Amino acid sequence: MKAYGVVLITVLSGVGCAGMEETGEFEELGSEPQALGCAVKGDGKTTLRFINRCGFNVTFAGNNISGGNLASGAEACRTIGSNTDHMISKRYWGFRQGEDPGFEHHSLAEFGFNENAFGYASWDWFNLSYVDAHNLPLKIIPYDLGTGTTCTGQTRSCVKDLLPGCPETGKLRNAAGKVIACVSRDRDNPNSTVAKYFDASCSQSYSWSGDDSVMAACNAEDFDIVFCPLN
Ligand SMILES: [Ca+2]
Ligand SMILES: [Ca+2]
């Protein structure tokens, strides 16, 4: 994640003037009910719902939460604060249970929650990052605060498993010789072999440190972080 200003135009063009709708004729009770599983929409808290769509157990972890294990198909929620708490530079990740590739060797879901930036009060900025590595496919789904619609189009997803096709230079193997991460050892270089592989494989995650066009932002309350998303 780098400076946000580079992507502001992109974000603005994606959301239009949706922020004005809070003062319109919408009624709270008229909003679409959303099935958020273990998270609760409208409770004043920001909850991350970790969902495992992989065909194997996944361990999840990250900033300001207790991690845990998820069986295939399972979910778990972690509340990280109120929906107005400023929380910057928060990162979340997962790995196949028992196969942690270690620090800087994970696909990341990165967030800045409720930031005041570029004229936006209390917006959330988030992205998927393969800047350091890919180990699991990830998806972030934001859920609007109240009856807002600013999160439309802000879901970010990378479906493809990038371990099998990882260039040899990026392969990180465990003691048994199994590839458990595809590591980018030249994170600031868009023309490195691994960065180009990432960029060609998923257009919605950072493939190198300056790949800012993939940044998402909206006025959200809760989020899903999905491992091995289906779409
Ligand atoms: Ca909530
Ligand atoms: Ca928020």
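Trainee: Let's begin with the overall picture. How many helices and strands does the protein chain have?
Mentor: Good place to start, and remember that the model is predicted. Buried residues make up 41% of the 231 residues in the protein chain. The secondary structure comes to two helices and 15 strands.

Trainee: Among the contacts with a separation of 6 or more, what share joins residues 24 or more positions apart?
Mentor: The count takes contacts in the protein chain with a separation of 6 or more. Of these, the part that links residues 24 or more positions apart is 67%.

Trainee: Is W123 buried or exposed?
Mentor: W123 sits in strand 7, which covers residues 120–129. A residue with 20 or more other C-beta atoms within 10 Å counts as buried. W123 has 23 such atoms within 10 Å, so it is buried.

Trainee: Which residues does W123 touch, leaving aside those up to four places away in sequence?
Mentor: A hint comes from A220, which is 97 residues from W123 along the chain, while their C-alpha atoms are separated by 7.1 Å. Contact itself is judged on C-beta atoms within 7 Å. By that test, the residues touched by W123 are E115, A217, C218 and N219.

Trainee: Now to helix 2. Which strands do its buried residues pack against?
Mentor: Helix 2 spans residues 193–201, and its buried residues are V194, A195, Y197, F198 and S201. They lie on the same side of the helix, because they cover an arc of only 160° around the axis. The strands that these buried residues pack against are strand 8 (133–134) and strand 12 (179–183).

Trainee: Which residue in strand 12 stands opposite H134?
Mentor: Strand 8 and strand 12 pair in the antiparallel sense over two bridges. Four of the five residues of strand 12 are buried, so this strand is largely enclosed by the rest of the structure. Opposite H134 stands C182.

Trainee: What about the turn between strand 11 and strand 12: which residue there has a positive phi?
Mentor: Strand 11 and strand 12 pair over three bridges in the antiparallel sense, and R173 stands opposite V179. The two strands form a hairpin with five residues between them. The turn residue with a positive phi, about 90°, is G177.

Trainee: Finally, strand 9. How many bridges join strand 9 to strand 15?
Mentor: Strand 9 covers residues 138–144, and six of its seven residues are buried. I141 of this pairing stands opposite D224 in strand 15. Strand 9 and strand 15 (residues 220–227) run antiparallel, and the number of bridges joining them is seven.

Trainee: And which residue in strand 10 is the bridge partner of I140?
Mentor: Strand 9 also pairs with strand 10 (residues 156–157), in the antiparallel sense and over two bridges. For I140, the bridge partner in strand 10 is R156.

Note on methods. Residues are numbered from 1 along each chain as its sequence is written. Chains are lettered from A and ligands numbered from 1 in the order in which they are written. This is a predicted model: local features need pLDDT of at least 70, side-chain atom pairs count only at pLDDT 80 or more; totals for chains, interfaces and linings use all residues. A residue is buried if 20 or more other C-beta atoms lie within 10 Å of its own, exposed if 12 or fewer, and partly exposed in between; C-beta atoms are placed from the backbone. Two residues are in contact if their C-beta atoms, placed from the backbone, lie within 7 Å. The arc is that of the directions from the helix axis to the C-beta atoms. Two strands pair if DSSP finds at least two bridges between them.
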